[in-house]
Structures are given as C-alpha cells and as structure tokens.
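Here is a short briefing to read alongside the model. Take a look at the structure first, and then we can walk through it topic by topic.

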Amino acid sequence: MATLITGIGELVTNDPVHDGTPLGVLHDAALVVADERVAWVGRAADAPAADERTDVGGQAVVPGFVDSHTHPVFAGDRSAEFAARMAGERYDGGGIAATVTATRRAPDDELRRGLVGRLAELRAQGTTTVEVKSGYGLTVADEERVLRLAAGVVEEVTFLGAHVVPPGTQRDEYVRTVSGPMLAACAPHARWIDVFCEPASPHAFDADEARTVLGAGAAAGLGLRVHGNQLAAGPGVALAVDLGAASVDHCTYLTDADVDALAGSETVATLLPGVEFSTRSPYPDARRLLAAGVTVGLATDCNPGTSYTSSMPFAIALAVREMAMTPAEALWAATAGAARSLRREDVGRVVVGGRADLALLAAPTYLHLAYRPGVPLARALDVAPRS
Ligand SMILES: N=CN[C@@H](CCC(=O)O)C(=O)O
Ligand SMILES: [Zn+2]
C-alpha cells in the first residue's frame with residue numbers, strides 16, 4: 001500500500017540535489033511512502049497517485065532525528081547530584097556508581113519499562129532512530145541482561161562495559177573481564193563497543209586500557225565508538241581516529257592536533273550539549289570543528305547523570321544558541337550527521353529507497369526548532385503500516 005503525504009509546507013531532505021544546499025529543502029512538497037520506505041519525493045504539483053492520502057496542512061517535515069548517543073537503561077534517581085552541581089560541584093563520573101547499584105537491583109521488568117518509556121518520550125519529540133548503550137550493569141550478567149533488553153527494542157545497541165571501573169574492583173582485572181568474558185556474553189546483542197576514555201576521571205579508562213577494550217571489541221566484530229575529551233583534553237579523540245571509530249562523542253576539550261586528526265578521518269565528532277548544560281561546563285567549539293571540515297553529529301546523551309533529556313530539539317536549540325551553529329547546521333548534525341556516526345545510509349535523510357522515518361513539526365519551517373525552544377513542535381510521523 002502506498003501513502004501520499006501532501007501539504008508539506010517545507011520538506012527538509014538532506015539531499016542537496018533539490019536546492020544545492022546540504023539540507024536539500026523543498027517547498028510545497030509531497031512524498032509517497034510504501035512498505036515503510038520513501039517511494040517518491042518532489043513538488044506536490046507533480047505527485048503521483050497513491051492508495052491513501054494524508055495532508056499535513058502546510059506544516060514542515062524533516063528527517064526523523066537520529067539520537068546516536070543514549071544511556072536509557074537504568075534505575076534510580078540522581079536529581080540531587082544535579083542540584084549539587086548547580087550549587088557548584090564538579091562532575092567527574094563518580095555518580096555513575098549510584099546508578100550501577102540501583103540498576104543491578106532492578107528486575108528486568110522495571111528496566112524494560114524504564115527503557116520503553118524513555119524511547120516513547122524520544123519518539124514523541126521526533127526521534128526515529130536511537131542508539132542505546134549499556135554501562136550501568138558492569139558485571140558479566142548485568143551487562144548481558146541490559147543489552148538483551150535493549151536489543152529487544154532497538155537496532156543500534158552499544159556495549160559499554162568500559163564505562164567506569166566498578167567500586168571494589170581492580171582496574172587491570174576489570175579491563176581483562178570487559179575484554180574477555182563480558183565481551184563474549186555481550187557481543188551477540190550489540191553492534192558497537194564504546195569506552196569512556198578519560199584519564200581526567202579517576203573512574204574512567206586511560207588510553208592503553210581503552211585500546212585494549214576497543215581492540216578486543218573489533219576482533220569480536222563490533223564497530224567502535226569512544227566517549228572522549230569530555231572533562232579535559234586527552235587521548236580519546238586521537239585513539240578513536242587511529243582505530244577508525246565511527247564516532248567520538250563529547251569533544252568538549254580539543255587540541256589543534258585533535259581537530260586536524262578528525263578533519264582527515266571518517267570519525268564523526270558527536271557533540272552532546274545537554275551535558276554541558278547539565279554539568280555547567282563550557283560548550284564544545286563547534287565552529288572550530290566545522291571550519292576544519294569535520295563531520296559533526298548532535299545527540300542528547302540521555303542519561304541520569306550528565307544529561308537527563310530525551311529532546312533532540314533541545315540539543316538543536318543549545319547547538320544554535322550556545323555553540324553558534326546555524327539552524328541548518330544543527331538540524332543536519334541531528335539527522336544526517338548522527339546517521340553517519342552510526343554508518344547508516346537509510347536514515348537521517350529523505351531519499352527514494354531510504355526509510356520513511358519522518359518528523360512532523362507544528363511550524364512552517366525547521367527554523368522554529370531553535371527559535372521556539374522548549375515548545376513541543378516535533379513528533380515522529382506515523383505513516384501507514386507495512387502492507
Ligand atoms: N561520561 C560518561 N558517561 C555518561 C554519563 C554517565 C553518568 O554520569 O551516569 C556521559 O556520556 O556523559
Ligand atoms: Zn554517554
């Protein structure tokens with residue numbers, strides 16, 4: 001069954017063929033969706049016939065947001081930690097242990113309910129692809145169960161056993177566990193492996209430890225992602241580029257050498273401005289990255305410690321207001337850039353043959369995403385189900 005979506009006042013495709021810009025904007029547009037894929041895209045006046053027709057009344061349609069960095073499988077509450085930070089405390093990753101304790105105690109049903117609820121929250125704000133990390137289990141059994149739950153509901157699943165060294169565990173012994181039995185138990189549920197490489201945190205991993213874990217993950221067939229350069233300049237970015245990681249995330253503190261390395265690489269710099277908002281930290285220098293030609297992605301980093309938001313529009317608004325990205329750059333980073341960080345060609349843009357993952361905006365133009373911060377304008381557009 002084919003559905004014609006018409007009455008699109010402004011359609012962002014991320015396909016430059018339409019207007020010669022990265023966003024590929026069309027006005028008075030329409031598209032045809034069949035079997036959850038885009039079958040046709042163009043001007044409404046040229047639209048072909050279809051079995052069904054949906055008129056969106058002049059609203060804007062953009063590619064569904066791609067949230068390429070989240071940690072939504074957890075239990076417990078860390079709002080008091082947030083309040084303490086707002087009163088001047090610094091974030092160093094120490095609070096992760098509290099979430100680990102609560103997550104280990106939580107039965108599967110409670111974790112699944114929390115995950116599904118957070119994914120619904122994301123979708124209600126226009127996000128159609130979500131990457132989900134583990135990292136609050138940190139035993140073989142708990143990491144495996146978290147990833148099994150995640151793999152039951154999303155495609156992009158990331159093993160983050162190397163989030164922090166759990167209290168009471170020797171560092172070298174833990175790195176051996178993560179790279180050995182934990183990886184063996186978790187790899188069947190995951191597409192990616194990630195490491196919090198941050199020597200500035202006493203809880204996270206240094207370059208050698210991160211290299212060991214990522215090397216083992218690559219040997220097990222997983223793609224690589226890195227949490228790096230969040231708290232200070234450090235080895236995370238260089239390591240990610242050296243190992244051909246798909247993404248290095250945070251990038252808050254970068255040296256010139258880091259920027260140069262990223263510029264000549266296939267590694268996406270994924271910026272997470274919700275973290276700087278919630279930890280009262282300086283924002284990453286997005287303009288420096290863009291000027292150097294680095295591919296920039298944007299994500300929420302939805303997690304209970306540093307960024308408990310599920311809103312990609314909020315990330316876009318922060319990127320525009322606090323990181324001086326243009327609204328067009330921010331939307332591209334939240335869709336096509338984030339898709340590239342997941343090495344996905346089928347999401348993050350509206351092209352024939354791609355997934356019909358779309359966000360509808362209660363607004364005439366995508367500019368409203370940053371212009372009207374905090375207003376629930378975006379929602380995932382549900383098109384007719386597969387025939
Ligand atoms: N920095 C490391 N990990 C998460 C925060 C986890 C937490 O504090 O619970 C992040 O991406 O910011
Ligand atoms: Zn993270």
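Helices (H or I, at least four residues) and strands (E, at least two) are DSSP runs, numbered from the N terminus. This is a predicted model, in which local features need pLDDT of at least 70 and side-chain atom pairs count only at pLDDT 80 or more, while totals for chains, interfaces and linings use all residues. Residues are numbered from 1 along each chain as its sequence is written, chains are lettered from A and ligands numbered from 1 in the order in which they are written, and side-chain values use heavy atoms, with hydrogens and water left out.

**Backbone with positive phi**
- Cys-251 sits in the loop between strand E11 (247-250) and helix H8 (256-263), and its phi is positive, about 55 degrees, although it is not a glycine.
- Cys-251 is buried at 1% relative accessibility (buried means under 20% relative accessible area, exposed over 50%, partly exposed in between, with a 1.4 Å probe and protein chains only).
- Arg-280, also not a glycine, has a positive phi of about 50 degrees; it belongs to the loop between helix H9 (273-279) and helix H10 (286-291).
- With a relative accessible area of 57%, Arg-280 is exposed.

**The zinc site**
- His-69 (NE2), His-71 (NE2), His-227 (NE2) and Asp-301 (OD) coordinate the zinc ion (ligand 2) at 2.0 to 2.7 Å.
- Donors here are N, O and S atoms within 2.8 Å of the metal (3.2 Å for Na, K and Ca); water is not among the atoms, so sites may look incomplete.
- Along the chain, the donors of the zinc ion (ligand 2) follow the spacing H-x1-H-x155-H-x73-D.
- His-71 lies in the loop between strand E6 (65-70) and helix H1 (79-86), and Asp-301 in the loop between strand E13 (296-298) and helix H11 (312-323), so the pair ties together parts that are 230 residues apart in sequence.
- His-71 is buried, at 2% relative accessible area, and Asp-301 is buried at 2% relative accessibility.

**Around Thr-103**
- Thr-103 is part of helix H2 (residues 96-105) and counts as buried, at 2% relative accessibility.
- Leaving aside neighbours within four places in sequence, Thr-103 is in contact (heavy atoms within 4.5 Å) with residues including Val-73, Phe-74, Ala-75 and Tyr-136.
- A polar atom of the Thr-103 side chain lies 3.2 Å from the backbone nitrogen of Ala-75.

Technical notes:
Polar contact = N/O pair within 3.5 Å; in protein donor to acceptor, adjacent residues only side chain to side chain.
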